[in-house]
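Visitor: Please take me through a single part of this model at close range. I would like the site where the small molecule is held, and what surrounds it.

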Amino acid sequence: MKRAILIHPDPRLKKVCAPVADISDELRALADDMLETMYDAPGIGLAAPQIGVLDRLIVLDCVKEEGAAARPLVMFNPRVVAASDETNVYEEGCLSIPEQYAEVTRPKVVDVEWIDRDGKLQSETFDGLWATCVQHEIDHLDGKLFIDYLKPLKRQMITRKMQKLKRERARA
Ligand code: K1U
Ligand code: ZN
């Protein structure tokens, strides 16, 4: 089932999410809903707080090449365990901040550990767009948005645009 994506500003997007204890069928169904919502948007990632669920769960699929096989990843309790000194600049977007983009600098390579949908501990090294995306999604679990890396004036400008968008959507 496709879920509605929260738009910034929303207090639920500022909360630190709680770790999940056991990987239940209910959590697996939630992950499936998030993948459906992400692909439909379309996006390359989605974090549970973006649909109003304050659990540490993210999904991502950064395969963008036409005709290439999809690689949906579901991560419960993801954490960055190591990050490179080398950084990468990427023009990020966010499904909770539609049509706004800005350059963000992050570590280029990260080692991430997570629990998969079968309850098994997984780890992988991510580079390039995958590294950017997984860090962006883990930030969501800590109540952090990509605009929090920007200068206050730029952040304020984007927030005002989003407030206007939400007013217009509420009227429609
Ligand atoms: O977390 C989110 O809001 C999803 C976000 C992830 C992201 C994008 C760019 C850099 C870091 C993290 C998005 O998916 S925005 C949409 C997007 O980037 C995209 C959409 C369609 C095709 C390709 C990219
Ligand atoms: Zn986002």
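Guide: Ligand 1 sits in the largest pocket. This is a predicted model, so read the distances as computed values. Two elements each give two or more residues to the shell around ligand 1: strand 4 (87-92) and helix 2 (128-141). Helix 2 gives the most, with five residues.

Now the shell itself. There are 16 residues around ligand 1. Ile44, Gly45, Gln50, Leu95 and Glu137 come nearest. By class, the shell has six nonpolar, seven polar and three charged residues.

Next, the polar contacts. A polar backbone atom of Leu95 lies 2.7 Å from an oxygen atom of ligand 1. The side chain of Glu137 also has an N or O atom 2.7 Å from an oxygen atom of the ligand. For the side chain of His136, the distance from an N or O atom to a ligand oxygen is 3.2 Å. On its own, ligand 1 has 540 Å² of accessible area, and the protein covers 82% of that.

His136 leads on to the metal. Its NE2 atom coordinates the zinc ion (ligand 2), together with Cys94 (SG) and His140 (NE2). These distances run from 2.1 to 2.3 Å. Along the chain, the donors follow the spacing C-x41-H-x3-H. Cys94 and His136 link distant parts of the chain, 42 residues apart. Cys94 is in the loop between strand 4 and strand 5 (102-107), whereas His136 is in helix 2.

To recap, His136 has a side-chain contact with ligand 1 and is a donor to the zinc ion.

Methods. Residues numbered from 1 in each chain as written. Chains lettered and ligands numbered in written order. Predicted model: local features only at pLDDT ≥ 70, side-chain atom pairs only at ≥ 80, totals over all residues. Heavy atoms only, no water. Near = heavy atom within 4 Å. Polar contact = N/O pair within 3.5 Å; in protein donor to acceptor, adjacent residues only side chain to side chain. Areas by Shrake-Rupley, 256 points an atom, 1.4 Å probe, with all protein chains shown as cover. 1 Å grid on protein atoms, 1.4 Å probe; cavity = no way out; pocket = protein on both sides within 12 Å on 5 of 7 lines; lining within 4 Å. Sits in = over half its atoms within 2 Å of the grid points. Helix = DSSP H or I, 4+ residues; strand = E, 2+ residues; numbered from the N terminus. Nonpolar A, V, L, I, M, F, W, Y, C, P; charged D, E, K, R; others polar. Donors = N, O, S within 2.8 Å, 3.2 Å for Na, K, Ca; no water.
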